[in-house]
Amino acid sequence: MRTALLHMVKLIIASAFIVGLACAAEPISTRAPAVKAMKAAADYSKSQSGQTMVVMFDGKVIFEQYDNGGAMDKPHNLASGAKCFTGSGAVAAVQDGLIKLDNPASENIPEWKDDPEKSTITYRQLLSMTSGLTIPAGDDEKRMPFKKQLAMPMAAKPGERFQYGGYQLGVFAYALEHKLAGESFAHYLQRRIFDPIGIKVPTRRRAADGHPTMGPSNMTARDWATYGEFIRREGNWNDQQILDPALLRDCFKGNKANPAYGLTWWINSPVSEEFIRDADAEVTKHWGKVANSNLLPGDVAAALGAGQQRLYIMPSLKLVIVRHGNANEGFSDLEFIRSFVPGSQNR
């Protein structure tokens, strides 16, 4: 009963994402966080092997701190934080008429056309990590030929189970490249997303057998914050609507298998304690504490990566926050974010 009630309350608060990221809901506060609060957050991050922290309020950098070897001009490995770029690439592809999210990806994956189960997997299920595909274990994703990975037996029925990992996004990129007329997915991201907002990033190398990967793996904190601000503005940059806001909202809707995960973004929607306990990825356990908390705005969303790489977006507070780190243990998303939320420090 408590979880159901909390979920209902958060759905109401989260209207900033459901009916428009930037302007559909009244902001909780129109004031920037206090410098004291931001400094406290930065020092907490530093104590947990944090290397960078950048805070943007209403599109302007208002605080930044670099520690433990971090620097303003130093690109940082985003790890799984880079997954959020694939979501934007998918939105662009739908907008460009290349795909429809609920169409089967097998329309562009020849190896799956005659498979009774894989032929039904949709682009949406790949992006939400509910495809049911078997995820290559450990380093197998790097060592095993991609064609062999595509032929692995299913682990679950499409849509029934959330399985975290980059493999499914690699499959999405592979399918999309069949529609890009020789253009790589990485180049498509640069042309459609990064160039218009003024970000130049080194592209991630293709795998040894030539199959595509998700997107850039390294980015400075300021550039990642710029990307976050672009998302907070509903895909608008310098009065140019680069991504369709209605399509972008799909990235911030959870699913039955994992209510706290949209299309490549973690969102603030409660999940069961059983789901957190049985999760096969530590990142799910980390974010579950945020999703089940009543201390944060319902519209908070995040990109999360190993080493505690973090990009947080809070439209109702006009905030975008980047944190880079160098350790997998100790750091608490909830402890960090609540420093920026008025009144939550006292609860």
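Where is T264 found? I looked it up: T264 is in the loop between α11 (245-248) and β7 (266-267). Helices (H or I, at least four residues) and strands (E, at least two) are DSSP runs, numbered from the N terminus.

Before going on, I noted that this is a predicted model, where local features need pLDDT of at least 70, side-chain atom pairs count only at pLDDT 80 or more, and totals for chains, interfaces and linings use all residues. Residues are numbered from 1 along each chain as its sequence is written, and side-chain values use heavy atoms, with hydrogens and water left out.

**T264.** I checked its accessibility: T264 is buried at 3% (buried is under 20% relative accessible area, exposed over 50%, partly exposed in between; 1.4 Å probe, protein chains only). Next I listed what T264 touches: K83, C84, T86, G87, L127 and L169, not counting residues up to four places away in sequence (contact means heavy atoms within 4.5 Å).

**Rings.** I then turned to aromatic pairs (Phe, Tyr and Trp rings, the last by its six-membered ring, with centres within 6.5 Å; planes under 30 degrees apart are stacked, over 60 edge-to-face, the rest tilted). The count comes to 22 aromatic pairs. I picked out F162 and Y261, a tilted pair at 5.3 Å centre to centre and 55° between the planes. F162 lies in the loop between α7 (146-150) and α8 (167-177) and Y261 in the loop between α11 and β7, so their pair ties together parts 99 residues apart in sequence. F162 is buried at 8%, and Y261 is buried at 1%.
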